[in-house]
Each structure stands twice: as C-alpha cells, then as structure tokens.
Amino acid sequence: MNKDFKKEVEEIKRKLSIEKVLEKYGMLEGLKRTLSNNLYGPCPIHKGDNPHAFNVSLDKNLWNCFTRCGGGTVIDLIMKIENVSFKEAIKKAKRILKECNIEEYERKFKNIERNKPLEFRLILDHTHPYLIERRIKWETAHYFDIGYCNTGLLKGRIAIPIHDENGCLVAYAGRAINEKIKPKYKFPARFRKSLILYNYWRVKNNDNNKIVLVEGFFDVFRLYQAGYDAIALMGSSISDYQAYLLEKLDKKIIIMLDGDDAGRKGTEKLIEKLGHKIDYEIIYLPENKQPDDFGENELREIIG
Ligand SMILES: [Zn+2]
C-alpha cells in the first residue's frame, strides 16, 4: 500500500460511520440502540433471525456478526454487503462519503438567500469591435449571448449574462470596453457572486470528463474556442457554495488561475478546501499571464 492510499483508507475509517453506511443500504431499521451507544439486532447482511447476532460499536466504528459474517471496520462492512474486493469497497466508501458531504452542504445552504431570476433580457450586439479586439469569435459571442449594450445601466459596456447552476438568468455583468472606463466590471448591487460558478449550468451535464476552472469570463470564452469546457470563479477565491458546486460536479478539475499572487493564493486555498474531495490537476501559468492571453493552440498544448 502506498502512503497516499494508506492515508485515504485511514481517513475513510475515521470519517465514514458504520451507522451511515447501514442507513445508506437501508439496513438500520431492524437494529436497536443501547445506552452505551451500540447497535444490535438480527444481522442485516446475511439476514439471520438471531436477534443478537449483529453488533456495532458506534464509538469505535466497528461491527460484528457472531453467527456468520465476521466483522471489522466500515470498509470490511462494505466488502461484505457488496461482496466486493477491498479496492472496490474503498471506491464505494468514497462515493458514500461524497454523498454525505453534499447532503451536509445542502442542509447548510437550505435557507440562504439566492439570486433572484431576472425579469428582463438585454438585446446585445455580438459584433462589437471590442469583442474582435479580445479575439472573441462571433459564434462564441452568440453562444454565450454576450455583446455590446446600448441602453440602461450597462450602456456602453459588454454585457455578459450570468446564470445560476440551474440555468436561470440571474444577472448581467458589464465589462468596460477600454481601460479608461471604471470600474472594469459592473455587477448588480444585490448580485451574490459567491453563489455562482460562471458557465457551470452549461457544462455540468456534458459528457466531457474534464473541466477547466479559471478566474474570468474571457478565460472561459478563450477556452471554449480551444474546445474545452470551462467555468469561472469570477475572481481568484473560492466560496463555500462554489466548493459545493465543484464537488457535486464529479469531474476532473483542471485548475488554471492567473499567474499572479492572487491566483497562486487562490489555488492554494482551493486545494486546502477541496483537494481531498475532488480529482484535480493544477496548471501554473507564467508570471502575469492568464488563460485569455494564450492562443487556442497554445492552450491545447498547455492543457493537453
Ligand atoms: Zn451476518
């Protein structure tokens, strides 16, 4: 067993309770709980009728079936229930742990104030020179429905529609068309950026098993043109809600934040928060470069 695998196994034994596993397999119902925090009852694995055959010490996270199944750790339990190898049981244990994490997130986020659906749509010009200057193809502008805005609060800016994870339009961001106009980006006052991963709703169900995580809108557009599914934090730091969305995604995440201090710190924090929960790879870009600075071919070389 290599070191990482050993660590993983220990973590599963610590974090995944036998009670949770029994619950997931619908095996908790026939068991009784004692005052000393044990479970006992007829064995739900071999389904015998001895009412004391099966015992679980919840404190020690160990189980035992006297009559037939043997006993052991939470991993032994999954092996026995599923009749699978140790390795397979680890995979299943990880899946259950992930489900538990997501349930926990969902409880936590149940009552948060969400972004409200927008009740209007902007008519945008996909052919504005600024988009050409940023090397955004017409098809890309059309696909993301971005373009120059002639009216309202975003007049004179490139408007970028933002959807929540279910594809509901909740805001427009407005990008200044030159560096003299401040601020660079305008967001609606009540918009909660921390609840959104930009472009998540489009790519979440794609067959593509790999997703590139970047900071900005234009990085997403550039990667799209290079043939990748990409999503953006809209900044360099990850919120709890964004972490939840990433974990739920169940895809390999290629982390490619900007090549500056904020980007590197953001990457560190992200790994701290999520590293043990997601499958990922980090791409460090050269100093002061962001994904949008590269051509499509270069990006394909960098990402592979
Ligand atoms: Zn048994």
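1. Leucine 213 stands opposite isoleucine 255, a residue of strand 12. Please keep in mind that this is a predicted model.

2. Strand 10 and strand 12 run parallel and are joined by 4 bridges. Strand 12 and strand 13 are paired in the parallel sense too, over 3 bridges. As background, the strands of a sheet pair through backbone hydrogen bonds, in a parallel or antiparallel way.

3. Next, the domains. The assignment for the protein chain lists domain 1 (3-109), domain 2 (129-195) and domain 3 (204-303). The centres of domain 1 and domain 2, taken over C-alpha atoms, are 49 Å apart.

4. Which residues touch the most other members of the largest nonpolar core? They are Leu213, Val220, Ala230 and Ala232, in a core of 52 residues. Several elements give two or more residues to this core, among them strand 7 (157-163), strand 8 (169-176), strand 10 (210-214) and strand 12 (252-255). Helix 8 gives the most, with 6 residues. In soluble globular proteins, nonpolar side chains tend to be buried together.

5. Neighbours within four places in sequence are left aside here. Alanine 230 is then in contact with Asn199, Ile211, Val212, Val214, Asp219, Val220, Leu223 and Tyr224. There is also a second, separate core, made of 12 residues. Leu16, Ile18, Leu22 and Val74 are included in this second core.

6. An open sheet is formed by 4 strands in the order 6-7-8-9, with antiparallel pairing. Strand 6 (147-148) and strand 9 (185-186) are the edge strands, so to speak of each: it pairs on one side only. Strand 6 meets strand 7 over 2 bridges, in the antiparallel sense. Look for glycine 147: its bridge partner in strand 7 is alanine 159.

7. Lysine 155 is in the loop between strand 6 and strand 7. Is lysine 155 buried or exposed? Lysine 155 is exposed, because it has 11 other C-beta atoms within 10 Å, and the cut-off for exposed is 12 or fewer. Not counting residues up to four places away in sequence, lysine 155 touches Cys149 and Asn150. Alanine 176 is 21 residues away along the chain, and its C-alpha atom is separated from that of lysine 155 by 9.8 Å.

8. Two helices deserve a look. Helix 4 (residues 86-109) packs with helix 9 at an angle of about 145 degrees. Their axes are 10 Å apart. The crossing of these two helices is left-handed. From helix 4, the contact uses Lys98, Asn101, Ile102, Tyr105 and Phe109. From helix 9, it uses Tyr241, Tyr244, Glu247 and Lys248.

9. Last, serine 237. Its place is in the loop between strand 11 (230-232) and helix 9 (240-249). Serine 237 is partly exposed because 15 other C-beta atoms lie within 10 Å, a count between the cut-offs of 12 or fewer for exposed and 20 or more for buried. Leaving aside neighbours within four places in sequence, serine 237 is in contact with Gly266 and Lys269. Leucine 270 is 33 residues from serine 237 in sequence, yet 7.5 Å away in space, C-alpha to C-alpha.

Definitions and conventions: Residues are numbered from 1 along each chain as its sequence is written. This is a predicted model: local features need pLDDT of at least 70, side-chain atom pairs count only at pLDDT 80 or more; totals for chains, interfaces and linings use all residues. Two residues are in contact if their C-beta atoms, placed from the backbone, lie within 7 Å. Domain bounds come from an automatic or database domain assignment. A nonpolar core is a set of buried Ala, Val, Leu, Ile, Met, Phe, Trp, Tyr and Cys residues joined through C-beta atoms within 7 Å. Two strands pair if DSSP finds at least two bridges between them. Axes are lines fitted to C-alpha atoms, for helices over the stretch in contact, and angles run from 0 to 180 degrees between N-to-C directions. A crossing is left-handed if the near helix is turned anticlockwise from the far one by less than a right angle, and right-handed if clockwise.
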